[in-house]
Amino acid sequence: DVLPSPEGPVPSVSITEIRQYLRAQGIPFHDGYSCLHTPSLFTSGREDQPPAGAPYTLFIDKTTGSFLCTATLAEGTWQDFQANVELQHRGVPPACSEEPEEDTRRAREDARCIWDRALPLWELLDEDETDKTKAMFGISLVTDATLKRFGVRYLRTAKSLVFPWFSPRDATLKGLKLVRAERKGDAIAYVEETLPRFDCYHNLFGLPLIGRRDTELVLTGWELDALALHQATGVASLALPRGATCLPPALLPYLEQFKRITLWLGEDLRSWEAAKLFARKLSLKRCSLVRPGNLQPRPLEALNQGLNLTKILRAALPASHKSIVSFRQLREEVFGELVNTEQVAGVKWARFPELNKLLKGHRRGELTIFTGPTGSGKTTFISEYALDLCMQGVCTLWGSFEINNVRLAKIMLTQFAAQRLEDQLEIYDEWADRFEDLPLYFMTFHGQQNIKTVIDTMQHAVYMYDITHVVVDNLQFMMGHEHLSMDR
């Protein structure tokens, strides 16, 4: 994914400008947690006119200005919103593109075929097959009623659980997630695949089951955790599409109705870090976090261990610490860091064991500078160093000011496939498809740049894609060769 280029940088709009514009246009609005709520421009004269008392179905993101109408699924940028308001003044009905793109349409058709072939788990050949399948995914304690409620199915040919993505507007099937279990020694690894591809798969699993009056929610990092949580506690629970990797801003409007959100994303420190990051997006004052630890594993594991999930939820920590805290408030977090010293050290490199001895791992909020003479291999090394982390789910943003993105992507793809692709072009598409699913983004700058533009683009990427690792190659090019004054 290439971020907007410097010629047309992300048009930044402040929350003040958005409010002023809405007031000037006489559009009423409520101030929500991450969005402003207004009546929709797209529902007038349509059959799905929202019922009286709930007309505020259009949500404007306070950070980016992009909007989504949950009644019609119309969406767009702040500029699109303004254009639609202008059209309405001229009596032209607003443009709402209903026609999905070709890729989306094909993905939906494929999803429909798979969905029709998949069976509800309780309708397999015999009880024995059902028990074995449930045991393989660690869901022996999840009841048929729960599986039925969430609409989970099983695809025999792929030995995968199938989780549906239904449109929140008319309950049509928009896509699927397939999860299969693979044994690796004693451990079981879960392999996920989505239709459409990961970057377009924005399913909040469990959303159709949420009632309009629900005000409390638990956000989990995995579909099976949402099942376990709902079964054990009865609370409204949803699963994020990419776990603890990212919370796409396009999902924020659907989370606006909740006064209290508890984030219980997983059992490792990366999930804890992600929960803190997501809480900032969702507004700290309404979020609580379940701190990972031995007595607080992920929800499915807690259910299997017979733990009291309601009690764990009640013990969740408020996300917003006051400006001054006592050690009593930090005590549990300090204990967590001592228990998980390995994880605190950061994400380990799989390809560079020696580097782990020096740097321990990749940690957020740290700056590492690599120096060396021209041609010594800095870019080649750093592209592999960053790829290693990216393959482990660390969302990465590249700013390559020295070599262009096509060359950089070629280097990284070769390192990813660990073979010379120019000699076997027939396997290019297979590797390119897998490479495309990595949480990797490139800035489109080249040569000397205005620092403010670069920083703005980075901030935008952090909000949109939850970037946790930024690579700048190299500082000299970004700064330009002259005026290397100290403040830069």
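Rings of Phe, Tyr and Trp, the latter taken by its six-membered ring, pair if their centres lie within 6.5 Å. In this predicted model, Y21, F42, F67, W78 and F81 form one aromatic cluster.

**Exercise 1.** Determine how the rings of F401 and F445 are arranged, and where these residues lie.

*Solution.* 
Step 1. The structure holds 19 aromatic pairs. In the pair of F401 and F445, the distance is 6.1 Å centre to centre, with 0° between the planes.
Step 2. Planes under 30 degrees apart count as stacked, so the pair of F401 and F445 is stacked.
Step 3. F401 belongs to the loop between β16 and α14, and F445 to the loop between β17 and α16; they are 44 residues apart.
Step 4. Buried means under 20% relative accessible area. F401, at 1%, is therefore buried, and F445, at 2%, is buried as well.

**Exercise 2.** Classify the pair of Y441 and Y465, and state whether each residue is buried or partly exposed.

*Solution.* 
Step 1. The ring centres are 4.1 Å apart and the planes stand at 25°, so Y441 and Y465 are stacked.
Step 2. Y441 lies in strand β17 and Y465 in helix α16, so the pair ties together parts 24 residues apart in sequence.
Step 3. With 7% relative accessibility, Y441 counts as buried, whereas Y465, with 23%, counts as partly exposed.

Key. Residues numbered from 1 in each chain as written. Predicted model: local features only at pLDDT ≥ 70, side-chain atom pairs only at ≥ 80, totals over all residues. Heavy atoms only, no water. Phe/Tyr/Trp six-rings, centres within 6.5 Å; stacked < 30°, edge-to-face > 60°. Helix = DSSP H or I, 4+ residues; strand = E, 2+ residues; numbered from the N terminus. Buried < 20%, exposed > 50% of the residue type's maximum accessible area, 1.4 Å probe, protein only.
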